[in-house]
Amino acid sequence: MISSVTTPEPEVDASDLPLRRCHDTRVRCYSSQFADVMEMRAPAKTVAAYLDRHEGWFRRCAAPMEVDSLGQNGYRLTLGRFGNFGFEVEPTIGLELLPQSQGVYRICTVPPEQFQPGLRDLYDVEFNAALRLEEQNAETPHTDVRWELDLSVWIKLPAVIGLLPESLVQSSGDHLLRQIVRQISRRLTWKVQEDFHATHSLECPPRRRAQF
């Protein structure tokens with residue numbers, strides 16, 4: 001007779017889990033989706049060559065945010081101080097700019113344990129962006145860079161905020177997240193657009209209103 005013994009799974013300390021898997025009632029998740037477009041007055045091949053050299057334009061265009069390198073394709077960004085209900089955070093995130101694949105560029109999150117482990121107890125970020133180059137048939141060279149972003153943030157709020165109505169806490173957090181992304185992405189979009197045209201001695205299109 002052959003008998004089998006199942007080894008019980010070791011218990012996982014909740015403090016070792018990322019906030020997205022934590023069941024603490026103080027943890028709130030805020031998420032949104034965003035999309036916009038940049039007009040580049042050049043062929044897609046020229047735009048792609050510029051985006052491929054992110055070690056130059058990314059640092060220039062992310063300023064005044066603090067930027068540090070994380071390996072060959074990664075960066076750590078300190079976004080600035082934001083708050084709601086008197087609770088403030090100064091989020092730092094790690095992003096990896098993946099090499100393009102058939103004209104599509106992807107940006108994804110670098111886990112905080114790879115650059116600042118203590119952050120995982122405060123917030124957790126999932127950042128997934130895609131940029132697509134669409135060359136337009138026009139009399140002059142013209143490429144649209146369309147980008148989409150899925151962003152989720154888990155934050156451990158002070159216990160006192162739990163006394164507020166759940167709907168108010170959630171809606172206020174969602175609004176704050178949109179404000180942060182609108183401020184940062186709009187500024188970064190403009191800077192990339194201006195930097196590209198300046199470095200190629202091209203006239204930059206006028207700033208356009210964001211689609212969100």
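Thr46, Val47 and Tyr50 in helix α1 meet Val192, Asp195, Phe196 and Thr199 in helix α3. Contact here means heavy atoms within 4.5 Å. By class, four nonpolar, two polar and one charged residues make up the contact of α1 with α3. Ala, Val, Leu, Ile, Met, Phe, Trp, Tyr, Cys and Pro count as nonpolar; Asp, Glu, Lys and Arg count as charged; the others, Gly among them, count as polar.

This is a predicted model, in which local features need pLDDT of at least 70, side-chain atom pairs count only at pLDDT 80 or more, and totals for chains, interfaces and linings use all residues. Residues are numbered from 1 along each chain as its sequence is written, and side-chain values use heavy atoms, with hydrogens and water left out.

## Overall layout

The protein has three helices and nine strands. Helices (H or I, at least four residues) and strands (E, at least two) are DSSP runs, numbered from the N terminus. The order from the N terminus is β-α-α-β-β-β-β-β-β-β-β-α. The protein has 212 residues, and 40% of them count as buried. Buried means under 20% relative accessible area, exposed means over 50%, and partly exposed lies in between (1.4 Å probe, protein chains only). Among contacts with a separation of 6 or more, 63% come from residues 24 or more positions apart.

## The helix crossing

Two packed helices are described by the angle between their axes and the distance between the axes. The axes of α1 (residues 44-52) and α3 (residues 166-199) come within 11 Å and cross at roughly 110 degrees. That makes α1 roughly perpendicular to α3. Angles of 65 to 115 degrees count as roughly perpendicular, under 35 as roughly parallel, over 145 as roughly antiparallel, and the rest as oblique. Axes are lines fitted to C-alpha atoms, for helices over the stretch in contact, and angles run from 0 to 180 degrees between N-to-C directions.

## Aromatic rings

The structure holds four aromatic pairs. Rings of Phe, Tyr and Trp (its six-membered ring) pair if their centres lie within 6.5 Å; planes under 30 degrees apart count as stacked, over 60 as edge-to-face and the rest as tilted. Two of the pairs are set out here.

| Pair | Type | Centre to centre | Angle between planes |
|---|---|---|---|
| Tyr50 and Trp57 | stacked | 5.9 Å | 20 degrees |
| Trp57 and Phe58 | edge-to-face | 5.8 Å | 65 degrees |

Tyr50 and Trp57 are buried. Phe58 is buried too, like Trp57. Ring pairs link Tyr50, Trp57, Phe58, Tyr75 and Phe196 into a cluster. Tyr50 and Phe196 also take part in the meeting of α1 with α3.

## Strands β7, β8 and β9

Strand β8 (residues 123-135) has partners in β7 and β9. Strand β7 (residues 104-110) runs antiparallel to β8 and is joined to β8 by five bridges. In that pairing, Ile107 stands opposite Ala129 in β8. Strand β9 (residues 143-156) pairs with β8 in the antiparallel sense over 13 bridges. Here Asp124 stands opposite Trp154 in β9. Two strands pair if DSSP finds at least two bridges between them.

Leu133 lies in β8. Leu133 counts as buried because its relative accessibility is 17%. Leaving out residues up to four places away in sequence, Leu133 touches Ala44, Val47, Ala48, Leu51, Gly103, Tyr105, Thr143, Asp144 and Val145. Leu133 and Ala44 are 89 residues apart along the chain, yet their C-alpha atoms are separated by 6.4 Å.

Ser152 lies in β9. Ser152 is also buried, at 17% relative accessibility. Beyond its neighbours within four places in sequence, Ser152 is in contact with Tyr30, Ser31, Asp124, Val125 and Glu126.

## Backbone features

A cis peptide bond joins Ala63 and Pro64, with omega about 10 degrees. Pro64 sits in the loop between α2 (54-62) and β2 (66-70).

Gln102 has phi near 55 degrees, a positive value in a residue other than glycine. Gln102 lies in the loop between β6 (92-97) and β7. Its relative accessible area is 81%, so Gln102 is exposed.

Ser201 has phi near 55 degrees, again a positive value in a residue other than glycine. Ser201 is in the segment after α3. With a relative accessible area of 70%, Ser201 is exposed.
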